[in-house]
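Please look at the structure first and then work through the topics in turn.

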Amino acid sequence: MPQLDMSTWPPQLFWLAVTFLALYYVISRVAIPRTGGVIALRKSTIDGDLAKAKNLKDETENAVRSYEAALADAKAKAQAIALENRNKLNAEIEAERAKLDAALGAKIATAEKKVAASRDKALEDISAMAADIASDIVQQLTGSKITKAAATAAVSKSLGK
Amino acid sequence: MATPEHGEKIIDPIHQFVIERLVPIHVGGVDISFTNSALWAVIAVTCASLLFILAPRNLIPTRLQSVAESIYELVYDITHDVLHENARTYFPFVLTLFVFILFANVLGLIPYSFTVTSHIVITLALALVVFIGATVIGFIRNGFGYLKLFVPSGVPTLLLPLVVLIEIVSYFIRPMSLSIRLFANMMAGHMMLKVMAGFVVMLGVTAGWLPLVAMVGLMGLELLVAALQAYVFALLTCMYLSDAMHVDH
């Protein structure tokens with residue numbers, strides 16, 4: 001077996017040391033910085049891209065959320081304004097009606113007072129007239145004069161007052 | 001087999017492991033000749049270096065870049081899974097070990113090439129570097145507390161001497177198993193391929209296609225073994241280093 005020929009061992013060991021150390025130099029000085037650098041760069045690029053994508057997604061979501069919030073806000077405001085207007089209008093209508101009611105009530109009251117006064121006056125006139133007529137009738141029939149007061153009392157009495 | 005000598009040469013599965021001195025060099029009585037083994041070690045290291053140097057640095061990797069990055073990430077993952085916070089220190093060494101063994105194994109599958117890792121002296125040297133290195137680091141980090149590695153916790157006192165003996169033996173067998181596993185896998189695989197290739201020539205056009213088909217399958221298997229053995233060597237190195245870091249496991 002050529003492997004057991006010990007005379008070949010020194011040159012093999014010498015060149016193993018030379019080539020192995022040369023490879024160690026290349027690997028540690030060139031291969032690891034180069035390859036490791038590329039792998040690290042790729043990883044950081046991918047991570048950066050993913051982070052960027054996540055940020056953009058978050059931004060989009062925020063925009064959608066703020067849009068929805070603004071929309072809801074606007075809706076609420078519109079409703080509030082509509083409600084306020086309705087309440088104001090209702091209040092105005094109510095006030096107008098109340099004023100109108102009050103004015104009408106006052107007018108009715110004065111009119112009623114007038115009617116009552118005219119009636120009272122008319123009634124008084126009637127009883128005065130009746131007293132006059134009665135004293136005239138009594139004079140015509142009896143020829144005797146009666147006092148106006150007596151006639152008025154008699155009329156009042158017959159009118160059931 | 002026309003002549004016995006010719007036929008013997010073709011089916012001699014051991015011949016491929018012979019070391020040939022391409023450029024004899026002797027320094028101070030020590031033979032450091034440039035051999036076929038050294039040539040293929042240089043080729044392996046050159047190919048590995050070129051892979052990492054020529055691989056582009058694109059955000060979306062090219063095919064060559066993917067190869068370099070896959071090797072890097074495979075070793076990065078095993079070192080970080082096993083060594084955790086100490087991974088940074090030993091990652092260059094483990095990556096070098098993995099790349100060296102991987103390229104030596106895979107290039108050895110090329111016909112007429114030489115498999116550097118099919119020699120026990122190479123794999124034993126690598127294993128001893130790992131073993132002695134891990135042992136020294138273990139004593140530096142833990143002092144004599146490193147000896148606790150041989151005394152597992154939760155063992156009945158009666159069995160303790162036996163367990164300690166087994167632990168010590170298994171610890172010193174580590175470089176043996178590490179080196180013989182790689183060397184034997186490489187040697188056996190290459191011998192098998194050579195024997196099959198010999199059958200193809202022997203049987204000729206009539207029946208030679210049968211071992212040829214088998215060789216295609218074996219070649220795939222050997223490619224797998226070449227990568228797997230490099231992986232196993234790197235993984236076990238990480239585990240031995242991990243033992244040196246954390247004695248209380």
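V99(B) touches L23(A), I27(A), A48(B) and I71(B), when residues up to four places away in sequence are not counted, and two residues are in contact here if their C-beta atoms, placed from the backbone, lie within 7 Å. This is a predicted model, in which local features need pLDDT of at least 70 and side-chain atom pairs count only at pLDDT 80 or more, while totals for chains, interfaces and linings use all residues. Residues are numbered from 1 along each chain as its sequence is written, and chains are lettered from A and ligands numbered from 1 in the order in which they are written.

**The nonpolar core**

- A44(B), V94(B), F98(B) and V99(B) touch the most other members of the largest nonpolar core, which has 62 residues; such a core is a set of buried Ala, Val, Leu, Ile, Met, Phe, Trp, Tyr and Cys residues joined through C-beta atoms within 7 Å.
- A residue is buried if 20 or more other C-beta atoms lie within 10 Å of its own, exposed if 12 or fewer, and partly exposed in between.
- The largest share of this core, 15 residues, is given by α4(B).

**Two helices of chain B**

- Helix α2 (residues 36–54) and helix α4 (residues 87–107) of chain B pack at an angle of about 115° with their axes 9 Å apart; the axes are lines fitted to C-alpha atoms over the stretch in contact, and angles run from 0 to 180 degrees between N-to-C directions.
- The helices are DSSP runs (H or I, at least four residues), as strands are (E, at least two), numbered from the N terminus.
- On the α2(B) side the meeting residues include W40(B) and A44(B), and on the α4(B) side they include V99(B) and F103(B).

**Chain A**

- Chain A has two helices and zero strands.
- Its radius of gyration is 62 Å, well over the 15 Å that the globule rule gives for 161 residues, so chain A is more spread out than a compact globule; the radius is taken over C-alpha atoms, and the rule is 2.2 Å times the number of residues to the power 0.38.
- The C-alpha atoms of chain A fill a box of roughly 195 × 25 × 20 Å along the principal axes, and buried residues make up 11% of the chain's 161 residues.
- E124(A), found in helix α1 of chain A, counts as exposed because it has 10 C-beta neighbours inside 10 Å.

**Between the chains**

- In all, 31 residues of chain A are in contact with 34 residues of chain B.
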